[in-house]
Structure formats: C-alpha cells, structure tokens
Amino acid sequence: MLRKAQIHDVKEIQKLLTHFASKGDMLSRSLSELYESIRDFYVWEEEGRLLGAAALHIMWEDLAEIRSVAVAEDAGRKGVGTTVVQACIDEARTLGLKRLFCLTYKPNFFAKFGMRIVDKSELPHKVWGDCMKCVKFPDCDEIAMILDL
C-alpha cells in the first residue's frame, strides 16, 4: 500500500537508506534529517513492513529533487520503486513545479519516467548542499537527470 510517510516510519526509512548508503549507492540520512523531512516521503508498506521509500524535496519555486529512493532488496522488481517515484512526480505536478531532478546510479530506471541525462553543471548550485556531505564530493560519479513537467 502506497501512503505518505508518518513519524513512526522514520526509523524504518533510515534502516532502508542506511543499507544502500553502506554500499555507496546513496547518501545516508540522519534521524534528525529524516524527522525534519518526513513530509517529503512516500512509502510502500505491505503487511506491516516498509518495503520502499522516496522523497520529493522542493528546492525552489520551480525545482524539486526526487531523492532517497530505496526498495528492500527482496521486494525489487515488483513495482514498489515505480509506485513511490510516480507518487513524487504526481505531487510535483499538483504543486505546479516545472522541473524535477535526481542524482542516480540507475539512469535506466528514471528514464522510464521521461527523465533525461544532463550535465551536472546544468543544475543550480543550491542543489549541491547535500553533496558536500558525501565522501565522493567533489568527484561525484552519480548521473544527473531532469524531468520537465
């Protein structure tokens, strides 16, 4: 079941994100960051277990990021990731945003939504705030993608 995240989901979201962050696939998020941004998240829950999460993080009046997309490994290829990301895109449209971006190692996944690869220099400087916390900064090897809404 898709739903907006609730406070009681924070620790499970962090567990899911930490699993992939430990493999170098995404940034880890502190509990404090997650509590502050809980309203950004959609989750997929099945039989009381959180199987996936994604966040729509608004950056500016016309720009938001889809971030922290994670699906439990045993739930992969079942549409969980597609569902949570599509919920973020739908909300972005409802809010009147004009562009979405993501930084990813899975460009084929995001291309299914119409996102296109762009040079990172096309992204505004304000998006790099989180990147400076990353161990890979400034030699980021993620792929930047944009979706024009």
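In the predicted model, Lys15 and Glu12 form a salt bridge whose closest N and O atoms lie 3.1 Å apart. The two residues are three positions apart in helix 1, and are therefore separated by about one helical turn. An α-helix has 3.6 residues a turn, so residues three or four places apart point the same way. Lys15 counts as exposed because its relative accessibility is 56%, whereas Glu12, with a relative accessible area of 36%, is partly exposed.

The helix that carries this pair comprises residues 10-21. At 1.5 Å a residue, its 12 residues should span 16 Å, and the separation of 16 Å between its end C-alpha atoms agrees with this expectation. Val10, Ile13, Leu16, Leu17, Phe20 and Ala21 are the buried residues of helix 1. Viewed down the helix axis, these buried residues fall within an arc of 135°, so they line one face of the helix. The face turned away from the buried side bears the exposed residues Lys11 and Lys15. The cover over the buried residues of helix 1 includes helix 2 (31-36), strand 2, strand 3 and strand 4.

Considered as a whole, the protein chain contains four helices and seven strands, arranged along the sequence in the pattern β-α-α-β-β-β-α-β-α-β-β. Of its 149 residues, 44% count as buried. Among contacts in the chain with a separation of 6 or more, 69% are made by residues 24 or more positions apart.

The seven strands form an open sheet of mixed pairing, in the order 1-2-3-4-5-7-6. Strand 1 pairs with strand 2 (residues 41-46) in the antiparallel sense, over three bridges. Within this pairing, Tyr42 of strand 2 is the bridge partner of Lys4.

Helix 1 touches strand 2, strand 3 (49-60) and strand 4 (63-71), and its direction makes about 85° with that of strand 3. Helix 3 (residues 80-95) also packs on the sheet, where it touches strand 1, strand 2, strand 3, strand 4, strand 5 (99-104) and strand 7 (143-148). The direction of helix 3 makes about 30° with that of strand 3.

Trp44 is located in strand 2. When neighbours within four places in sequence are left aside, Trp44 is in contact with Met1, Leu2, Arg49, Leu50, Leu51, Gly52, Val80, Thr83 and Val84. Arg3 itself belongs to a network of salt bridges that links it with Asp9 and Glu45.

In total, 10 salt bridges are counted in the model. One of them joins Glu73 to Lys23, with the closest N and O atoms 2.4 Å apart. This pair links distant parts of the chain, 50 residues apart: Glu73 lies in the loop between strand 4 and helix 3, and Lys23 in the loop between helix 1 and helix 2. Glu73 is partly exposed, with a relative accessible area of 48%, and Lys23 likewise counts as partly exposed, at 45% relative accessibility.

A further salt bridge is formed by Arg116 and Asp148, the closest N and O atoms being 3.1 Å apart. Arg116 lies in strand 6 and Asp148 in strand 7, so the pair ties together parts that are 32 residues apart in sequence. Arg116 counts as partly exposed at 40% relative accessibility, as does Asp148 at 45%.

Notes: Residues numbered from 1 in each chain as written. Predicted model: local features only at pLDDT ≥ 70, side-chain atom pairs only at ≥ 80, totals over all residues. Heavy atoms only, no water. Pairing = 2+ DSSP bridges. Contact = heavy atoms within 4.5 Å. Axes fitted to C-alpha atoms, helices over the stretch in contact; angles between N-to-C directions. Expected span 1.5 Å × (residues − 1). Buried < 20%, exposed > 50% of the residue type's maximum accessible area, 1.4 Å probe, protein only. Arc of directions from axis to C-beta. Salt bridge = Lys/Arg side-chain N within 4 Å of Asp/Glu carboxyl O.
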